[in-house]
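Please find below a short note for someone meeting this structure for the first time. It is set out as numbered points.

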Amino acid sequence: MCGIAGLFLKNRSLEPELGALTAAMLTVLTDRGPDSAGFAIYGSGAPGEIKLTLRAPVYFDFEAMAAGLNLSVTRRDDHAVLAVPAAREAHVRSFLAANHPEVAIVSSGARMELFKGVGLPSDVSNRFGLSGMSGSHAIGHTRMATESAVTTQGAHPFSTGPDQCLVHNGSLSNHNDIRRRLIREHMSFETQNDTEVAAGYLSWKLRSGAKLDEALTSALDTLDGFYTFVVGTETGFGVLRDPVACKPAVMAETDDYVAFGSEYRALVDLPGISKAHLFEPEPAKVYFWERPTREGPTREGAA
Amino acid sequence: MSLAAAPKIAETDPAIFDLASAELRDLNAMLQALPPDTNETAWSILNPRGAHAVAVGITAPVAITVEGHAGYYCAGMNDGASITINGNAGTGVAENMMSGTVHVRGDASQSAGATAHGGLLIIDGNASARCGISMKGVDIVVKGSVGHMSAFMAQSGNLVILGDAGEALGDSLYEAKLFVRGSVASLGADCEEKPMTAQDKSDLTELLRRAGATADVNSFKRYGSARTLYHFHVDNAGAY
């Protein structure tokens, strides 16, 4: 099982509604994944600044920690987003590692924030205030665990690179082998989870200079198992299903957005859905949509 | 006398069941309890909103219209009803149908007509992977194309595809007959092209007529089982 919801907006006037639309989609997918949930959302960013999404025990005083670093922080339940001048990122990371081992860095990026936790999808969305968030695209997941424990660390999305995230429905059979090979390439992993390996693989390809669609195409040759992936980058949104296509996927496209749902039920309340182009992404075919810059045209295609 | 002006007979007005305000379980329980001689022969189901298992297990010869997109297993186990989906159908539409007709006006997802024993499944759009998997006597007419592994282990019945077929059509096929008008990406193990006999053309003509499809039977190719996988053969041992 597991459920995936993704929404990539083409029409910027919908951006204030992104969080509410995504939260509603995740709630519908509760019966595909009731044990944990999470989402990555691409909101506004400031030039020269990166956002670190942090997670810590609920008693942790994020505000005091940020004040000590003379940085601003936005707390959301047991997560917090720390705005850091890019030049200070390495310093902040080493400060946290040395002084606050209870703080985990969940994600980093110019625009992406990432929140996840154990519990029903609607509870997780409410804890983090997803409905009030805005942005250009968001990817969410509802989990029914198979490959590793029901923990916050095992919830999706996974992020192993800046502004990069991945959610997964399925199970990989060669993740231990790929993890060992990626560790030799200096990638690091936090869990024994198969999805983190897929995220790490794509991040490694992107770090090596591949574009999103190229990274996804090479994943077809490298990753073995069942998967429907939805991935996000700062400007893009991609979908890939394995060649056997056991795991479900429905997409809807209008002039205003591209939406992904594990089932059509998740898409049913999106604006203008009755006139959307509805289709199932084909097996072993890479789909991506990309906005090269804030002002540029939408690039889309299938590789 | 003008028939068009005649007042509607109450029996022919469909009974409306709105899933926006009533429970799916109540709908199915009511439809499943209809006696064979029911006077409530026409039903309209509103707002399916992708719900699973809409109109399943019906044994009365009634006409049901689902007004919108359905989720998984719509019209599953149908035994005698005529069910029309005015939209797309999710995984396993008409799975294990015994008799009757299921008509999808849009596209169908995976495993359409899986294991179905009888009746007619008509899909106006495309069907995705595994259409007619393990079919056991149903007739399926797809006016668009089908995805990979369609008619996998299909045992009997007919699968008619007016468009194209994906990879591995008819893999491990038994005695179902496959008719394809467009291209076939590849044939599965033990599936081969067969000569189109006069009987085949006659059967195909009748299937197209029942499905309301217009196509020249001479433009189809027929595929069937080469029957080399029916029994263990020692020369195949290396393949296991």
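1. Basis. This is a predicted model, in which local features need pLDDT of at least 70, side-chain atom pairs count only at pLDDT 80 or more, and totals for chains, interfaces and linings use all residues. Residues are numbered from 1 along each chain as its sequence is written, while chains are lettered from A and ligands numbered from 1 in the order in which they are written.

2. Make-up of chain A. Chain A has seven helices and 17 strands; these are DSSP runs numbered from the N terminus, with helices being H or I of at least four residues and strands E of at least two. The radius of gyration of chain A is 18 Å, close to the 19 Å from the globule rule for 303 residues, so chain A is as compact as a globular protein of that length. That radius is taken over C-alpha atoms, and the rule is 2.2 Å times the number of residues to the power 0.38. Along the principal axes, the C-alpha atoms of chain A fill a box of roughly 50 × 45 × 35 Å.

3. Burial and contacts. Of the 303 residues in chain A, 49% are buried (20 or more other C-beta atoms within 10 Å of the residue's own, with C-beta atoms placed from the backbone). Among contacts in chain A with a separation of 6 or more, 71% are between residues 24 or more positions apart; a contact means C-beta atoms, placed from the backbone, within 7 Å.

4. H1(A) and H4(A). The axes of H1 (residues 18-28) and H4 (residues 121-128) of chain A come within 8 Å and cross at roughly 155 degrees. Axes are lines fitted to C-alpha atoms, for helices over the stretch in contact, and angles run from 0 to 180 degrees between N-to-C directions. H1(A) and H4(A) are therefore roughly antiparallel (an angle over 145 degrees). A:Ala23, A:Leu26 and A:Thr27 in H1(A) meet A:Pro121, A:Ser122 and A:Ser125 in H4(A). This contact has three nonpolar, three polar and no charged residues (nonpolar: Ala, Val, Leu, Ile, Met, Phe, Trp, Tyr, Cys and Pro; charged: Asp, Glu, Lys and Arg; polar: the others, Gly among them).

5. Chain B against chain A. How many residues of chain B are in contact with chain A? There are 11, and they touch nine residues of chain A. The chain B side holds one nonpolar, nine polar and one charged residues.

Note on methods
Two residues are in contact if their C-beta atoms, placed from the backbone, lie within 7 Å. Angles under 35 degrees count as roughly parallel, over 145 as roughly antiparallel, 65 to 115 as roughly perpendicular and the rest as oblique. A residue is buried if 20 or more other C-beta atoms lie within 10 Å of its own, exposed if 12 or fewer, and partly exposed in between; C-beta atoms are placed from the backbone.
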